[in-house]
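Here's a quick briefing to read alongside the model. Have the viewer open and follow along.

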Amino acid sequence: MSTTEPDALLGPADIRELAAALGVRPTKQRGQNFVIDANTVRRIVRTAEVRPDDVVVEVGPGLGSLTLALLEAADRVVAVEIDDVLAAALPTTVAARMPERADRFALVHSDAMLVRELPGPAPTALVANLPYNVAVPVLLTMLERFPSIERTLVMVQAEVADRLAARPGNKVYGVPSVKAGWYADVKRAGAIGRNVFWPAPNVDSGLVSLVRRTEPVMTRASRAEVFAVVDAAFAQRRKTLRAALAGWAGSAPAAEAALVAAGISPQARGEALTVEEFAAIAENKPGQNKPGEGGPGEGGPSLDTDPGPGSG
């Protein structure tokens, strides 16, 4: 671990000075809220259990508050930033404030939703203060495209954190809960107050921990096929699965047949089902799957259709 000086991290005055020099104002369009508290970013790194041998990918590094704290603890940090001005400035900030770690930092100037490869060794952890408006799609995309990521800790809007970590039967259990559960064991990992951000958001934030499953969901269905069932089930969440899955299956009787074959009551609703049960339904879609076709994690990206805001 690096023995950096305490003032290597960014405080409120540093953040505002950097932003002023760059002519940067956080934008609602990109859901930007910059963390201005060094204790908070160190807490995030501790909660993420970042190890000295970790290769950490960070999405939306902004002015570099969390980036610097990650560089203190990890072997290497790869930051993905879409904003032209912020992407151009971040390597300079790292070199100025943590010169002895600058060669362990890499920047990818891109939209995280478009990134399919990262420079250097495969990432082992994802730690990010995710932007308000794309939190869930970005999270699911990164987990799908980079299977080497074992541990994830993201800061998102508290409401989204609750949804991601919800269990079957919970009133906020839905598409994000099931899809995140396809990849990982998910849990809430703490709360973050509003006063550590600039500008201060109108919502509270929460930390979510995701530890990748050691064994994938056992199913003949592909990930895309399972996610299609999930999307259909929650598109009309007040309806029974027999009715909600009618379009997916081709008709209500076909949906009922798939449900019965999967051992699930046609009168059940989506919020009661585990990811394994959704997979069982996908396997039994009439005329869809044959034994041996598809496998865990196969298929193209299938993202949350109603991601909601996440706190960044």
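Which residues are buried in helix 11 (residues 252-261)? They are A252, A254, A255, A258 and L259, where buried means under 20% relative accessible area, exposed means over 50%, and partly exposed lies in between (1.4 Å probe, protein chains only). Keep in mind that this is a predicted model, where local features need pLDDT of at least 70 and side-chain atom pairs count only at pLDDT 80 or more, while totals for chains, interfaces and linings use all residues. Residues are numbered from 1 along each chain as its sequence is written, and side-chain values use heavy atoms, with hydrogens and water left out.

**Overall picture**
- The protein has 12 helices and nine strands; these are DSSP runs numbered from the N terminus (helices are H or I, at least four residues; strands are E, at least two).
- Of its 312 residues, 54% count as buried.
- Among contacts with a separation of 6 or more, 74% come from residues 24 or more positions apart, a contact being heavy atoms within 4.5 Å.

**Helix 11**
- The buried residues of helix 11 pack against helix 9 (241-244), helix 10 (246-249) and helix 12 (275-283).

**Helix 2**
- In helix 2 (residues 38-47), the buried residues are T40, V41, I44 and V45.
- They share the same side of helix 2 because their arc around the axis is only 140 degrees.
- Over on the other side of helix 2, you'll find N39 and R46 exposed.
- The packing partners of the buried residues of helix 2 include helix 3 (65-73), strand 6 (151-157) and strand 7 (184-192).
- Just after helix 2, E49 has a positive phi of about 55 degrees.

**Helix 2 meets helix 3**
- The axes of these two helices come within 9 Å and cross at roughly 50 degrees; axes are lines fitted to C-alpha atoms, for helices over the stretch in contact, with angles from 0 to 180 degrees between N-to-C directions.
- Helix 2 and helix 3 are therefore oblique to each other (under 35 degrees is roughly parallel, over 145 roughly antiparallel, 65 to 115 roughly perpendicular, and the rest oblique).
- On the helix 2 side, the contact is made by V41, R42, I44 and V45, and on the helix 3 side by S65, L66, A69, L70, E72 and A73.

Conventions: The arc is that of the directions from the helix axis to the C-beta atoms.
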